[in-house]
Amino acid sequence: MQRQGRDPVPGGREEPFKTALRALRERLRDGAFPPGRRIAAVDVADSLRLSATPVREALSRLAGEGLLDELRGQGFYVPLYTSADVADLYRLSWAQLRISLCRERPRVGPQGCAQAFLEQDPVSAVERLFSSWMAETGSRVLAGCYRRTQAQLAPLRRLEHEVFADLEEEAVQLLALTVSDSVEARAGPIELFHQRRIAAAERLAALAAIRTAGARS
């Protein structure tokens, strides 16, 4: 039986397109594809045991969302950002989190367990923490915008350990804020988190370029 396209799959199995889209999102988030890397549909299809058609559809969807670059006749690439782009992505993340702290915004309560976050690596732990804070707003619009920004930042965030030696300590300090009832108490640490990375944007962009050169050699 041919497994491609978006036709319903018998037996309750996930449609190939959804499988490909989910897997690609996870790989982008986890930094499996470094910035500047070409993503070959055939290779992804082989790894997922799918035909290339649903994988190409998923890649096209991600390109439409701005998470990949599509170059005509060349395929799909993970964006390679300039230092200004990197700084702007962190500024955007910071701005979205600041909006989530608005006093007038109703909240839906804690959306996650700090102890569970600690069981992950520091980068993933902070990503989940910030996403949980965003989810507390109950705003689908704000949460959706934030997810997209974090997806764009994900490959860069996997390079942070080469710039900052204290990621684990930083994560523990941020996770400690989950026990506080004061949303305002989060503002300062969120600012510091993002300002450090904005200041390191040039170095992060350079590291991404080095990774890309290595992948192509």
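On a 1 Å grid over the protein atoms alone, a cavity is a set of points where a 1.4 Å probe fits but cannot get out, and its lining residues have an atom within 4 Å of a point. Grid points are joined across faces, edges and corners, and a volume is the space filled by probe spheres set on the points. This is a predicted model, where local features need pLDDT of at least 70, side-chain atom pairs count only at pLDDT 80 or more, and totals for chains, interfaces and linings use all residues. Residues are numbered from 1 along each chain as its sequence is written, and side-chain values use heavy atoms, with hydrogens and water left out.

Searching the whole structure turns up two cavities of 30 Å³ or more.

| Cavity | Volume | Top contributor to lining |
|---|---|---|
| Largest | about 50 Å³ | helix H7 (residues 140-157), three residues |

Helices here are DSSP runs (H or I, at least four residues), numbered from the N terminus.

Around the largest cavity sit Leu28, Leu67, Val78, Pro79, Tyr81, Ala151, Gln152 and Pro155. Seven of these lining residues are nonpolar, one is polar and none is charged (Ala, Val, Leu, Ile, Met, Phe, Trp, Tyr, Cys and Pro count as nonpolar, Asp, Glu, Lys and Arg as charged, and the others, Gly among them, as polar).

Methods:
1 Å grid on protein atoms, 1.4 Å probe; cavity = no way out; pocket = protein on both sides within 12 Å on 5 of 7 lines; lining within 4 Å. Helix = DSSP H or I, 4+ residues; strand = E, 2+ residues; numbered from the N terminus.
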